[in-house]
Amino acid sequence: MSLAEQWRAARPPMAGVHLDSAACSRQSLSVIDATARHARHEAEVGGYVAAEAAVPALDAGRAAVRTLTGMPDATVYFTTGANDALDILLRDWPGERTLACLPGEFGPSLAVMARNGFSVETLPVDEFGRLDVNAVGAALSSHRPALVHFTVLASHRGIVQPVHDIASACRGHGIPLIVDAAQGFAHLDLTGIGADAVYATSRKWTAGPRGVGVLATRPGLLSEDTVTRLGHAETNVGLRVSFSVAVGEHLAAGPAAVQARLREVGAQTRTALADLPGWRVVEHVDEPSAITTLEPTDGADPLTVRARLIAEHQIVTTYLGVERAPREMTHPALRVSPHVDVTDADLDRFVEALATVTR
């Protein structure tokens, strides 16, 4: 059985076509059952006893995160999501509150930076919004930030950023590096970066539950006060257990195989959409990600199009408003992000439906 067939067989049948993994992937039956089993165990023995019993599963999840991030010595914390992880890091930051990031920075992340008193400068990029590796060294020298926040794969565009190059530049300048891997975790190879912190969410390419995320840091990065606070915080242990199951399933499937299949899915999707009237595919066909961005060329409203795709065709995509990347986006767009189980028939159905609602 192929990887795509295994993935589909492990999940409840989809009521339509799911092309929205960059927002929220479909959980497997095992992940769903893990959440329910923990809730049942809480009812049987009490919440705190059940939490103690879940420690081995959570430790296994942390070990899997260390493997996927290539950070064998990392301290791994569960969070409520990516924004929570960034807020933890920035609130705890003891130094000067200056930060450099890409122009396409996620809007909610910019809000977290502002809320924590950080002034933000932008890193140099090329015409595609990809980091200009030839100019970044000079940029860091002339306006040295206290830290760099780098999104390896943006929410609004499927352009894979050269994270190893920015990591090398940061090391050369002695600047701590935080990597936003919300879209990259379980999607791209994140090993060997050498970042000070990497954070991600469960619900995207890992296909875990909503409401849980993860933060991996080099030892000692967070203060003792923050570590203590995280340890005493109220948590949904069941979600953490099911996320750990999802990460374990990803490791069992083979990260390299999943990454290779997602690259195929991206090329497959962009090829299917290349000649669709009224829309422009932003990414090159061979961009190594499964995210495809569609910009309207004849006045179609992506928000209306998404709603009609769901209501009339049972096809789920993502509306991209300009607030998603306010320093880079000028017009709304539509995002298509199938997972490894997408078929040619799924894409054909989407192309036909999109043509219909666009007309």
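Predicted model: local features only at pLDDT ≥ 70, side-chain atom pairs only at ≥ 80, totals over all residues.

Biologist: How many salt bridges does a search of the whole structure find?

Modeller: The search finds eleven of them, and one of these joins D341 to R26.

Biologist: What makes the contact between D341 and R26 a salt bridge?

Modeller: The closest N and O atoms of D341 and R26 are 3.6 Å apart, and the cut-off asks for a side-chain nitrogen of Lys or Arg within 4 Å of a carboxyl oxygen of Asp or Glu, so the pair qualifies.

Biologist: Why is D196 called buried, and why is R218 called partly exposed?

Modeller: Buried requires a relative accessible area under 20%, and D196 has 16% relative accessibility, so D196 counts as buried. R218 has 34% relative accessibility, which falls between the limits of 20% and 50%, and therefore R218 counts as partly exposed. These two residues also form a salt bridge with each other, with their closest N and O atoms 2.6 Å apart. The pair links distant parts of the chain, 22 residues apart, with R218 in the loop between strand 8 and helix 9 and D196 in the loop between strand 6 and strand 7.

Biologist: Where do D59 and R62 lie, and why does D59 count as partly exposed?

Modeller: Both residues lie in helix 4, three residues apart, which is about one turn of the helix, and they form a salt bridge whose closest N and O atoms are 3.1 Å apart. D59 counts as partly exposed because its relative accessibility is 40%, between the limits of 20% and 50%.

Biologist: How do you know that strand 5 is covered on both faces?

Modeller: L147, H149 and T151 on one side, and V148 and F150 on the other, are all buried.

Biologist: What makes strand 5 and strand 6 a pair?

Modeller: A pair needs at least two bridges, and strand 5 and strand 6 have four, in the parallel sense, so they qualify; among the bridge partners are V148 and L177. Together with helix 8, these two strands make a right-handed β-α-β unit.

Definitions and conventions:
Residues numbered from 1 in each chain as written. Heavy atoms only, no water. Buried < 20%, exposed > 50% of the residue type's maximum accessible area, 1.4 Å probe, protein only. Right-handed = clockwise from strand over helix to strand, strands pointing away.
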